[in-house]
Amino acid sequence: MRKILALWATVRSTSTVFENMMRQRGDFLAFHEPFGLSYYNSPERRNTNRYPDIELNPEYNYQTTWQRLKQQADSQPVFIKDMAYFMFHLADREFLSIFENTFIVRHPAKMLPSLYDKWPDFTLEETGYAQLYKLFEMAKEFSGKTPVVIESDDLVQKPEATVKAYCDAVGIPFIKEALEWEPKFRPELTNWDGGTWVTNAMFSTGFKEQNTDNYVAVEDNEHLQNAYEFCLPYYEKLFENRIRIA
């Protein structure tokens with residue numbers, strides 16, 4: 001089985017726009033947050049407070065999801081974008097060995113207000129920074145090499161250079177034409193709240209800065225301040241290992 005190319009992320013990190021680019025390439029079968037459905041929507045779900053009344057589907061169980069991904073990868077290149085906290089409890093050597101583990105990170109001063117706009121009651125676990133960093137360290141230990149890390153600001157400010165550096169690092173061709181796409185409704189992205197989480201990503205045309213004027217600033221909210229202090233050290237450690245974009 002060829003390795004599955006995985007982009008592990010936190011929420012609100014430009015990762016879905018990156019996923020759009022991977023779909024636009026046309027040479028990967030892309031999956032949108034498959035383990036998120038396990039985490040929230042399966043009989044094995046790890047969080048029972050979020051979406052408490054949702055109908056649980058055994059097709060989303062962790063082992064079923066994992067096996068389905070491996071089966072797909074037997075016949076074609078597979079890419080997944082997912083949150084580290086959705087699957088961190090599975091992250092042993094066997095699990096991580098089926099993936100080419102790559103990472104995207106965004107400064108918590110930008111990520112947290114965006115998360116707060118959707119889930120003002122978010123938990124520290126749902127910020128995902130701690131799990132993302134620990135997953136990075138595990139992947140580094142198991143593979144004996146530093147995993148690829150890209151930074152959200154690089155992606156939106158220097159998309160061509162950043163995507164090219166990512167492609168070079170993971171050994172896939174860079175396809176410049178995949179940096180732009182048509183805005184459209186994408187049902188494959190509507191796992192959460194009917195797609196309201198990814199409206200901007202669905203109707204994007206490429207990597208661009210988003211308007212954040214309506215977000216609560218970290219310094220104006222105690223919950224955001226506490227989360228920022230928790231997340232920042234993990235972000236900084238990942239940021240040190242990012243691909244440097246000239």
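In β5, V148 is the bridge partner of T102, and T102 itself is found in strand β4; helices (H or I, at least four residues) and strands (E, at least two) are DSSP runs, numbered from the N terminus. This is a predicted model, in which local features need pLDDT of at least 70 and side-chain atom pairs count only at pLDDT 80 or more, while totals for chains, interfaces and linings use all residues. Residues are numbered from 1 along each chain as its sequence is written, and side-chain values use heavy atoms, with hydrogens and water left out.

**The sheet**

- Strand β4 (residues 99-105) pairs with β5 in the parallel sense over four bridges, where two strands are taken to pair if DSSP finds at least two bridges between them.
- F103 stands opposite V149 in β5.
- Five strands form an open sheet in the order β2-β3-β1-β4-β5, with parallel pairing; the edge strands, each pairing on one side only, are β2 (29-32) and β5 (148-151).
- Neighbouring strands of this sheet are turned by 20° against each other on average, direction ignored; axes here are lines fitted to C-alpha atoms, for helices over the stretch in contact, and angles run from 0 to 180 degrees between N-to-C directions.
- Helix α8 (residues 129-143) packs on the sheet, where it touches β1 (4-9), β4 and β5, and its direction makes about 140° with that of β4; contact means heavy atoms within 4.5 Å.

- T102 counts as buried because its relative accessibility is 0%; buried means under 20% relative accessible area, exposed over 50%, and partly exposed in between (1.4 Å probe, protein chains only).
- Not counting residues up to four places away in sequence, T102 touches L5, A6, L7, W8, V148, Y166 and V170.
- Both faces of β5 are covered, with V148 and I150 buried on one side and V149 and E151 buried on the other.

**The nonpolar core**

- W8, F18 and F35 touch the most other members among the 74 residues of the largest nonpolar core, a nonpolar core being a set of buried Ala, Val, Leu, Ile, Met, Phe, Trp, Tyr and Cys residues joined through side-chain atoms within 4.5 Å.
- The largest share of this core, eight residues, comes from α8.
- Leaving aside its neighbours within four places in sequence, W8 is in contact with I80, D82, M87, F95, F99, N101, T102, F103, I104, L132 and L135.

**Helices α2 and α3**

- Helix α2 (residues 34-41) and helix α3 (residues 62-73) pack at an angle of about 170°, with their axes 9 Å apart.
- That angle makes α2 roughly antiparallel to α3, since angles under 35 degrees count as roughly parallel, over 145 as roughly antiparallel, 65 to 115 as roughly perpendicular and the rest as oblique.
- P34, F35, S38 and Y39 in α2 meet Y62, T65, W66 and L69 in α3.
- By class, this contact of α2 with α3 has six nonpolar, two polar and no charged residues; Ala, Val, Leu, Ile, Met, Phe, Trp, Tyr, Cys and Pro count as nonpolar, Asp, Glu, Lys and Arg as charged, and the others, Gly among them, as polar.
- Helix α2 is mostly covered, eight of its eight residues being buried.

**F230**

- F230 has its place in helix α12 (residues 222-239) and counts as partly exposed because its relative accessibility is 29%.
- F230 and L124 are 106 residues apart in sequence and 7.8 Å apart in space, C-alpha to C-alpha.
- Not counting residues up to four places away in sequence, F230 touches L124, T127 and A130.
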